[in-house]
Amino acid sequence: MNGTSGLRRGLTAVGLAAVVALPGSVTAVAATALISSQHKAAEVSSAELRENLEAVHEAGMPGIQAAVSRKGRSWTGAAGVADTHTDRPLEAGFGHRVGSVTKTFTATAVLRQVSAGRVELDAPIGRYLPKLVPGERGERITVRMLLNHTSGITDYFPVVFSSLTRGSLADLERNRFRYHSPEELITAGLEQPATNEPGQGWAYSNTNYIIAGELLREVTGQSPERYITREIIRPLGLRDTYFPHLNPFIPGPNSKAYEALYHQPERRGEYSVYSPTALRTAGALISTPTDLNRFYDALLGGELLDESVLAEMRETVAVPNSPTLRYGLGLMRFETPACATLWGHEGTVPGMSTLSLHSADGKRQLSYGLNLTKYQRLDENGLPLIHPIDRRLGTLQVNAVCGASDTTSAASPSGSGVALLADLHRLNR
């Protein structure tokens with residue numbers, strides 16, 4: 001892999017020094033001598049972040065792209081390759097499947113309907129979708145329970161893709177171009193035993209957000225994808241964010257998507273081409289780290305929701321066995337020792353993962369995308385072991401969102417970020 005050339009091609013700095021230089025080079029020293037003390041600090045931070053991305057690549061990640069915003073300054077970068085066979089470099093701004101980050105968009109759209117008076121958060125979902133969620137469950141499960149994953153409805157994904165639970169990529173291959181209707185996915189989840197009584201426990205379920213999409217269809221009279229695009233994506237100017245609808249390809253420049261499935265198959269799979277109907281309003285969005293930073297900045301800054309409704313979105317419930325995570329309405333709350341409370345969401349689809357983290361005041365943001373998933377090995381209990389990639393990502397997270405001045409010890413950059421990643425890996429297992 002030609003990781004350094006990919007890094008050089010993929011890095012840009014906005015509002016920093018015009019010269020792009022690797023840390024420690026003659027050019028970097030000359031550039032530092034030419035700028036003011038205020039800009040010196042920004043250039044050092046930029047160089048450190050470049051090193052962090054390259055470190056993730058050197059630890060074994062084929063490619064990573066990221067966008068950082070700190071106190072009004074923005075920076076984008078990439079390291080590594082988009083294709084391990086050709087060494088084609090990954091560049092910042094490549095189209096990326098962001099998976100469950102889609103859930104924040106979907107929840108925001110539902111909450112806009114709450115503000116408009118067309119949906120009640122604590123109304124039973126059966127009031128709106130009596131045929132899709134019939135009987136007692138439709139009467140007991142509320143809209144709020146769907147959005148915060150306390151409904152008890154089982155996730156359809158391990159049902160439709162059951163081979164993944166056996167260490168096989170076979171179901172991913174069989175479903176690569178298959179059309180999945182919303183009704184099919186919802187039925188697959190509802191037919192399974194409930195994970196908990198409605199409102200009495202927490203269990204992550206993509207089924208909840210397929211139902212939320214159908215709720216939007218019912219109350220708006222248009223497809224949920226079109227509504228989210230009209231109400232959120234276009235007004236914010238998110239030019240690289242879109243639902244692919246029935247298109248299995250990612251239009252424009254993009255990366256391969258490598259699924260290792262914890263090294264259980266003989267070889268990793270590649271799923272950059274895949275039917276988006278398998279995830280829909282639960283996880284089908286394509287975006288970029290820069291667009292995600294803009295979206296969360298607008299959301300947390302009150303541009304998309306009334307203050308009272310945004311407060312409902314931030315009302316969280318506990319995630320079992322997780323010291324760092326709590327879940328709101330399509331919004332994750334992360335508690336890390338190094339920089340206190342962060343908001344955002346994680347997303348994983350076969351071969352691509354995304355993490356979007358944002359300080360409560362909106363002054364610090366990090367969104368990044370990876371093109372290799374489930375790269376760890378499993379321990380004797382079937383849980384992912386910490387990988388060197390995780391340690392490098394932990395350092396990236398704390399340096400980007402917290403800053404070196406916020407860390408309490410030399411061990412905190414890696415340790416705090418790794419604890420968060422370990423929780424997310426357990427969630428995705």
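Let's start in a loop. His245 sits between helix H11, residues 224-233, and strand S6, residues 258-259. Its backbone stands out on one point. Phi of His245 is near 55°, which is a positive value, and His245 is not a glycine. Keep in mind that this is a predicted model.

There is a second case. Leu261 has phi near 50°, again positive in a residue other than glycine. Where is Leu261 placed? Leu261 is in the loop between S6 and strand S7, residues 269-270. And is Leu261 buried or exposed? Leu261 has a relative accessible area of 3%, so it is buried, the cut-off being under 20%.

Now to charges. How many salt bridges does the count come to? The count is 14 salt bridges. I'll go through some of them.

Take Glu214 and Arg217. They form a salt bridge, and their closest N and O atoms are 3.0 Å apart. Both residues belong to helix H10, residues 206-220. They are three residues apart there, about one turn of the helix. What about accessibility? Glu214 has 8% relative accessibility, so it counts as buried. Arg217 has a relative accessible area of 31%, so Arg217 is partly exposed.

Next, Arg230 and Glu231. Their side chains meet in a salt bridge, at 3.1 Å from N to O. Arg230 is partly exposed, with a relative accessible area of 42%. This bridge is part of a network. Which residues are linked in it? Salt bridges link Arg112, Arg230 and Glu231.

One more pair. Glu303 meets Arg294 in a salt bridge, 3.2 Å from N to O. Glu303 has 48% relative accessibility and counts as partly exposed. Arg294 is partly exposed as well, with a relative accessible area of 28%.

On to the rings. A pair of aromatic rings is described by two things: the distance of the centres and the angle of the planes. How many aromatic pairs does a search of the whole structure find? The search finds eight.

One of them is Trp202 with Tyr204. The distance is 6.2 Å centre to centre, the planes are 45° apart, and the pair is tilted. Trp202 is buried, with a relative accessible area of 12%. Tyr204 has 16% relative accessibility, so Tyr204 counts as buried too.

Tyr204 has another partner. The ring centres of Tyr204 and Tyr327 are 6.4 Å apart. Their planes are at 80°, so this pair is edge-to-face. Why does this pair tie together separate parts of the chain? Tyr204 lies in the loop between helix H9, residues 182-190, and H10. Tyr327 lies in strand S10, residues 325-327. Those parts are 123 residues apart in sequence, so the pair ties them together. Both Tyr204 and Tyr327 are buried.

There is also a ring cluster. Ring pairs link Phe105, Phe295 and Tyr296.

Last stop: a charge and a ring. Where does Arg314 lie? Arg314 lies over the face of Trp343, 5.2 Å from the ring centre.

Look at Leu261, buried and in a loop.

Terms used:
Residues numbered from 1 in each chain as written. Predicted model: local features only at pLDDT ≥ 70, side-chain atom pairs only at ≥ 80, totals over all residues. Heavy atoms only, no water. Salt bridge = Lys/Arg side-chain N within 4 Å of Asp/Glu carboxyl O. Helix = DSSP H or I, 4+ residues; strand = E, 2+ residues; numbered from the N terminus. Buried < 20%, exposed > 50% of the residue type's maximum accessible area, 1.4 Å probe, protein only. Phe/Tyr/Trp six-rings, centres within 6.5 Å; stacked < 30°, edge-to-face > 60°. Lys NZ or Arg CZ within 6 Å of the ring centre and 35° of its normal.
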